[in-house]
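Reader: Hello! I am new to this structure; could you walk me through it with a few questions and answers?

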Amino acid sequence: MALLSIILPVYNVEAFLRQSLDSIFRQKNNCQCEVIIVNDGSTDNSLSIAREYEKRYNNLKVIDKANEGVSATRNKGLDEAKGDYVFFMDADDLLHPQALDIILPRLKQASPDILTWKFDAFYTHPKFSKTISESIIAELELSFQDAFNSLMQSGYAVSLCAKAIRRSLISNGICLDTTMTYGEDMFFSWKCFLLSKHIDYIDAPLYYYRQTGNSAVSRFHPQLFEKYSSAFDDIENFANERGLMSENLAKDINYHFACRLPALVNMELKAPYSKKQKIERLLNIISSNRISSALNSDERLTGSIYNLARAKNVEKMLYDARSAYIKSKILFPLKKILK
């Protein structure tokens, strides 16, 4: 049995798939992994490239299916995984050349429930960090919820590309929500953290994600607030059913919902309806029970957007979001050249 199952959902990534797969198979410890490519109905040459690599490597399996979206595709990979641990990798991203040299021994020796690490972004050519020492590996001596909050603050709790998760943990009724098209990683990861007893952290970037300007955050996702509401209710139910709910966790659920406010404002900015409707939507969002409770009582919510929300100044929230969007569109080509 493989120690680690690396699951790659693939959809129209012919320009990057070879580079992504090479970043796995050029590592000397890749034989301890099984690599599962799930082709989500690609219409380019992605499937042909995947089949090419399948013939070359015995530990690569390709599954072809109709297009269903990334969450259903990842769930299919989970169904097929046989490794002790699972790790989700996007098919246009890269591993650090030493990634498996660091990840696999730690999984074998320490046997954590979750092993998490840093990631970095690149536009064209990644600038890999220098040789990594094992001294940067540490056990997070925190409760499951404190560990999640700590990693949320540093930005490494949410993304599935930043962790290896014990597969038996996921079998406890955890899967990706196929109704969500944005932010689904967080809820999957959070449930895993809630069930974890031992979490290790590697203080170095082992994963490099490609910025193309066409990520999920750049697209409009209808009814995002309603989907978030349902997902946060699901987290609460999940914790209650397993006897994990506490006053602190209930507060954190509201807090993390309120932390989605920047994303919710950006979605309303992109929405194909009138400014009046956007204002009405945002007023309803900041007046909702979870978000209004957090805004009124949680001292962790600092910054301009939360102060504007408390003042119900949603027009200024939209204005600031538009300014930031325009700035990012202007700077993106320059960043792509420099990085």
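Reader: What percentage of the residues in the protein is buried?

Author: Happy to start there. This is a predicted model, in which local features need pLDDT of at least 70 and side-chain atom pairs count only at pLDDT 80 or more, while totals for chains, interfaces and linings use all residues. Residues are numbered from 1 along each chain as its sequence is written, and side-chain values use heavy atoms, with hydrogens and water left out. Buried means under 20% relative accessible area, exposed over 50%, and partly exposed in between, with a 1.4 Å probe and protein chains only. Of the 339 residues in the protein, the buried share is 52%.

Reader: How many helices and strands does the protein have, and what is its radius of gyration?

Author: Helices (H or I, at least four residues) and strands (E, at least two) are DSSP runs numbered from the N terminus, and the protein has 14 helices and nine strands. The radius of gyration is taken over C-alpha atoms, and the globule rule is 2.2 Å times the number of residues to the power 0.38. That rule gives 20 Å for 339 residues, and the protein is close to it, so it is as compact as a globular protein of that length, with a radius of gyration of 20 Å.

Reader: Why is helix α1 largely enclosed, and what covers its buried residues?

Author: Helix α1 spans residues 17–25, and it is largely enclosed by the rest of the structure because seven of its nine residues are buried. Among those buried residues are Leu-17, Leu-21, Ile-24 and Phe-25. Contact means heavy atoms within 4.5 Å. The cover over the buried residues of α1 includes β1, β2, α2, β3, β5 and α4.

Reader: Is Thr-73 buried or exposed, and which side chain does its own side chain join in a polar contact?

Author: Thr-73 sits in helix α3, residues 70–80, and counts as buried because its relative accessibility is 1%. Leaving aside neighbours within four places in sequence, Thr-73 is in contact with Pro-9, Val-38, Asp-40 and Lys-65. A polar contact is a pair of N or O atoms within 3.5 Å; within protein, one must be able to donate a hydrogen and the other to accept it, and residues adjacent in sequence count only if both atoms are side-chain atoms. At 3.2 Å, the side chain of Thr-73 makes such a contact with that of Asp-40.

Reader: Is Lys-276 buried or exposed?

Author: Lys-276 lies in helix α11, residues 275–286. With 60% relative accessibility, Lys-276 counts as exposed.
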